[in-house]
Amino acid sequence: MGGTHPRREDQAGVSPVADLVRRARAAQAEYARWPQARVDEAALACGWAIMKPENNRALAETAVRDSGLGNVEDKFAKNYRKTLGLLRDIAGVKTVGVIAERPEQGITEIARPVGVVAAITPSTNPGATPANQIINALKCGNAIILAPSPKGWQTCALLLKFVHAEFGKIDANPDLVQMLPAPITKDSTHELMRLADLVAATGSQSNIRAAYSSGTPAIGVGMGNVVSIVDSSADLADAARKIALSKTFDNATSCSSENAVVILAPVYDAMLAELAKQGGVMLDEGEKGKLQTLMFPGGKLGPAATAQSAERIAGMAGIARRAGFLMVSESGAGPACPFSGEKLAPVLAVYKVKDFDQAFELTSRIYDYQGKGHSVSIHTRDDAQVMRLGLEMDVARVIVNQAHCIATGGSFDNGLPFSLSMGCGTWGGNSFSDNMHWRHFLNITRIARVIPERIPADEEIFGGYFAQYGK
């Protein structure tokens with residue numbers, strides 16, 4: 001069974017949140033005794049709860065109606081694809097009982113649940129992210145309580161209705177998957193985080209900071225602000241198609257959507273032409289000013305353009321343009337250049353640089369402003385550039401020749417785990433640098449048995465050092 005925090009719960013008394021946690025602990029105590037096959041059924045039940053076409057359609061429509069963010073068809077596709085990919089990733093994975101035996105080391109590894117998970121989820125993905133967290137938690141024998149954003153509450157409630165209906169088929173306790181009652185408040189969310197055994201937080205950086213300071217072990221993710229470098233060796237048509245797809249998918253709700261494209265000078269004009277073929281429209285300086293006034297009131301990103309279509313954004317800004325996505329020419333990075341930051345909208349900052357060294361330096365400066373640790377995109381045929389980014393750029397992922405928002409959270413044509421929550425390592429103020437997945441919802445107990453002793457001689461360890469430097 002997972003660990004408990006009885007003193008925390010006692011201090012909270014009989015508040016509604018404490019009662020949710022009490023019920024979750026009781027359900028999890030029983031669930032922790034389920035065999036692997038039944039645990040896998042629970043994960044599959046939750047997967048089908050969101051992937052079932054009529055459920056998925058209702059969730060996508062509710063999400064867009066309540067949040068005003070993104071579009072129904074892309075949310076439908078995201079709910080399906082992300083959940084299917086996750087279920088593929090965890091199929092056959094052992095998360096119950098003995099999961100590894102290493103006789104030569106005398107080590108036996110046993111999977112143990114963490115207990116009750118508090119999942120903080122955003123309005124940008126109010127169906128897919130909760131489903132992902134639920135499946136990961138249940139796969140590892142845990143109970144989970146969701147704290148959705150206020151705009152995502154109704155979508156989350158509908159998802160739980162569908163999950164509980166599937167639970168009825170497999171005789172699973174609905175208290176394994178619960179959510180905070182409306183209205184969602186900071187106080188109730190913070191209480192949940194204090195009472196849980198693990199906090200999994202996705203969304204605003206204020207939520208992430210609250211998770212890490214809650215006093216409960218937490219896995220929280222960093223800020224996106226993806227830069228895509230287009231090298232002179234790139235297949236420009238392919239790069240433009242993929243950048244456009246990623247920039248416009250679900251109106252750029254993803255933290256992994258490209259926010260800037262850095263183009264090497266020899267292919268700059270040709271790449272702009274390819275982006276235009278894909279629906280990109282470069283704004284002039286006057287139009288850029290109007291867009292900046294709309295998007296960055298007071299110099300900070302506001303909500304007006306978030307996850308809206310490019311045409312709606314242009315209309316609100318008073319710009320007479322029809323476009324799939326909007327482009328603005330930029331040269332600097334930092335608060336004085338707000339388009340160099342995260343935008344969460346189909347708006348792309350475009351930079352021109354003379355060579356890859358300058359592209360690397362500019363990308364680093366952009367990440368020093370926002371997005372350090374998350375990921376970088378590159379379109380190139382030069383693997384030396386790819387390796388330099390991996391060795392020197394402060395990012396957890398280098399995405400090569402792919403549509404970034406689709407690739408970075410796992411794809412069927414790359415090896416990253418399917419996820420909607422990207423750890424950014426210490427660069428981004430996070431405790432992990434992986435895609436959040438099932439392994440983060442599990443404790444491991446290790447049994448250590450006696451094996452034949454092997455003590456190396458000093459010379460075996462220091463021989464090379466002594467030979468070069470002496471004793």
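1. Glu287 touches Ile319 and Arg321, leaving out residues up to four places away in sequence, where contact stands for heavy atoms within 4.5 Å. The model is a predicted one, in which local features need pLDDT of at least 70 and side-chain atom pairs count only at pLDDT 80 or more, whereas totals for chains, interfaces and linings use all residues. Residues are numbered from 1 along each chain as its sequence is written, and side-chain values use heavy atoms, with hydrogens and water left out.

2. Glu287 is found in helix 12, helices being DSSP runs of H or I with at least four residues and strands being runs of E with at least two, numbered from the N terminus. Glu287 is buried, with a relative accessible area of 13%; buried means under 20% relative accessible area, exposed over 50% and partly exposed in between, with a 1.4 Å probe and protein chains only. Ser254 lies 33 residues from Glu287 along the chain, and the C-alpha atoms of the two are separated by 25 Å.

3. An open sheet of 7 strands, with parallel pairing, has the order 10-11-12-9-8-13-14; two strands pair if DSSP finds at least two bridges between them. Strand 10 (280–282) and strand 14 (398–400) stand at its edges with a single partner strand each, so one side of each is left without a neighbour in the sheet. From one strand to the next the twist averages 25 degrees; angles run from 0 to 180 degrees between N-to-C directions, and axes are lines fitted to C-alpha atoms, for helices over the stretch in contact.

4. Strand 8 (residues 226–230) is mostly covered, with 5 of its 5 residues buried. Val226, Ser228 and Val230 point one way from strand 8, while Val227 and Ile229 point the other way, and all are buried. Strand 8 runs parallel to strand 9 (residues 258–264), the two being joined by 5 bridges, and Ser228 stands opposite Val261 in strand 9.

5. Strand 3 (residues 116–121) is likewise mostly covered, as 6 of its 6 residues are buried. On one side these are Val116, Ala118 and Ile120, and on the other Val117, Ala119 and Thr121, so that both faces of the strand are covered. Strand 3 pairs in the parallel sense with strand 4 (residues 143–148) over 6 bridges, and Ala118 stands opposite Ile145 in strand 4.

6. A further open sheet is formed by 3 strands in the order 1-2-15, with antiparallel pairing. Strand 1 (97–102) and strand 15 (442–448) are the edge strands, each pairing on one side only, and neighbouring strands are turned by 25 degrees against each other on average, direction ignored. Strand 1 is joined to strand 2 (residues 107–113) by 5 bridges in an antiparallel run, and Thr108 in strand 2 is the bridge partner of Glu101.

7. Asn430 lies in the loop between helix 16 (404–407) and strand 15, and is buried, with a relative accessible area of 5%. A polar atom of the Asn430 side chain lies 2.8 Å from the backbone nitrogen of Gly222. With neighbours within four places in sequence left aside, the residues in contact with Asn430 include Ile208, Tyr212, Gly220, Val221, Met422 and Cys424.

8. Helix 2 (residues 16–31) and helix 8 (residues 186–195) pack at an angle of about 35 degrees with their axes 9 Å apart. Their crossing is right-handed, a term used where the near helix is turned clockwise from the far one by less than a right angle, left-handed being the anticlockwise case. Val17, Ala18, Val21 and Arg25 of helix 2 meet Ser188, Glu191, Leu192 and Leu195 of helix 8, and by class this contact has 5 nonpolar, 1 polar and 2 charged residues. Ala, Val, Leu, Ile, Met, Phe, Trp, Tyr, Cys and Pro count here as nonpolar, Asp, Glu, Lys and Arg as charged, and the others, Gly among them, as polar.

9. The axes of helix 3 (residues 36–51) and helix 4 (residues 53–67) come within 5 Å and cross at roughly 65 degrees. Trp48, Ala49, Ile50 and Met51 of helix 3 make the contact with Pro53, Asn55, Asn56 and Leu59 of helix 4, and these residues divide into 6 nonpolar, 2 polar and no charged.

How values were computed
A polar contact is a pair of N or O atoms within 3.5 Å; within protein, one must be able to donate a hydrogen and the other to accept it, and residues adjacent in sequence count only if both atoms are side-chain atoms.
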